[in-house]
Amino acid sequence: MAQKELMTGKKKSVDYERVQSSPQFKQFLSRKKKFIVPLTVFFMIFYFLLPIFTSYTTFLNNPAIGNISWTWIFAFSQFLMVWVLSGMYVRKAASFDKEAEQIIHEQLK
């Protein structure tokens, strides 16, 4: 809403330096970082474990279900992981957007 007001020129402009130095914005960035960094680290570790395990170990070569090895199950789980993490981020990003909008709107007052 605040961005729409800025684009139409109906309200005064936002002093982004003041917004950046505000305690609300710093808390917002801290909360956002606490959500994004652990998910990114988890994703990177989980993603790179498959090539590491298949290159340097053999335990994923064992059959899990019939002729399907653990490698295929691990690879399929990566697709599931991407969908789950993406869904989590989309939901959380909506709240981040609302919070950022609120911080900007407060600066317009």
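Biologist: What volume does the largest pocket have?
Modeller: The largest pocket in this predicted model has a volume of about 170 Å³. A pocket is an open set of points on a 1 Å grid where a 1.4 Å probe fits, with protein on both sides within 12 Å along at least five of seven lines; the volume is the space filled by probe spheres set on the points.

Biologist: Which residues line the largest pocket?
Modeller: The lining is made of Ile36, Leu39, Thr40, Phe43, Val82, Leu85, Ser86 and Tyr89, each having an atom within 4 Å of a point. Two elements give two or more residues to this lining, α3 (23–56) and α4 (70–108).

Biologist: How does that lining divide into nonpolar, polar and charged?
Modeller: Six of its residues are nonpolar, two are polar and none is charged. Asp, Glu, Lys and Arg count as charged, Ala, Val, Leu, Ile, Met, Phe, Trp, Tyr, Cys and Pro as nonpolar, and the others as polar.

Biologist: At what angle do α3 and α4 cross?
Modeller: Roughly 170 degrees, on a scale from 0 to 180 between N-to-C directions, and their axes come within 11 Å. Therefore α3 is roughly antiparallel to α4, the term for angles over 145 degrees. Where α3 contacts α4, the residues divide into 21 nonpolar, five polar and five charged.

Biologist: How many salt bridges are there?
Modeller: The count is one salt bridge, meaning a side-chain nitrogen of Lys or Arg within 4 Å of a carboxyl oxygen of Asp or Glu. Arg31 pairs with Glu99, and their closest N and O atoms are 1.8 Å apart. Arg31 lies in helix α3 and Glu99 in helix α4, 68 residues apart, and the pair links distant parts of the chain.

Biologist: Is Glu99 buried or exposed?
Modeller: Glu99 is buried, at a relative accessible area of 19%, since buried means under 20%, exposed over 50% and partly exposed in between. Arg31 is partly exposed, at 40%. Buried residues make up 24% of the 109 residues in the protein chain.

Biologist: Changing topic, where is Trp72?
Modeller: Trp72 is in helix α4 and counts as exposed, at 62% relative accessibility.

Biologist: In what order do the elements run?
Modeller: From the N terminus the order is α-α-α-β-β-α, with four helices and two strands. These are DSSP runs, with helices of at least four residues and strands of at least two.

Biologist: How are residues numbered?
Modeller: Numbering starts from 1 along each chain as its sequence is written. Local features need pLDDT of at least 70 and side-chain atom pairs 80 or more, while totals for chains, interfaces and linings use all residues, and side-chain values use heavy atoms, leaving out hydrogens and water.

Note on methods: Angles under 35 degrees count as roughly parallel, over 145 as roughly antiparallel, 65 to 115 as roughly perpendicular and the rest as oblique. Buried means under 20% relative accessible area, exposed over 50%, partly exposed in between (1.4 Å probe, protein chains only).
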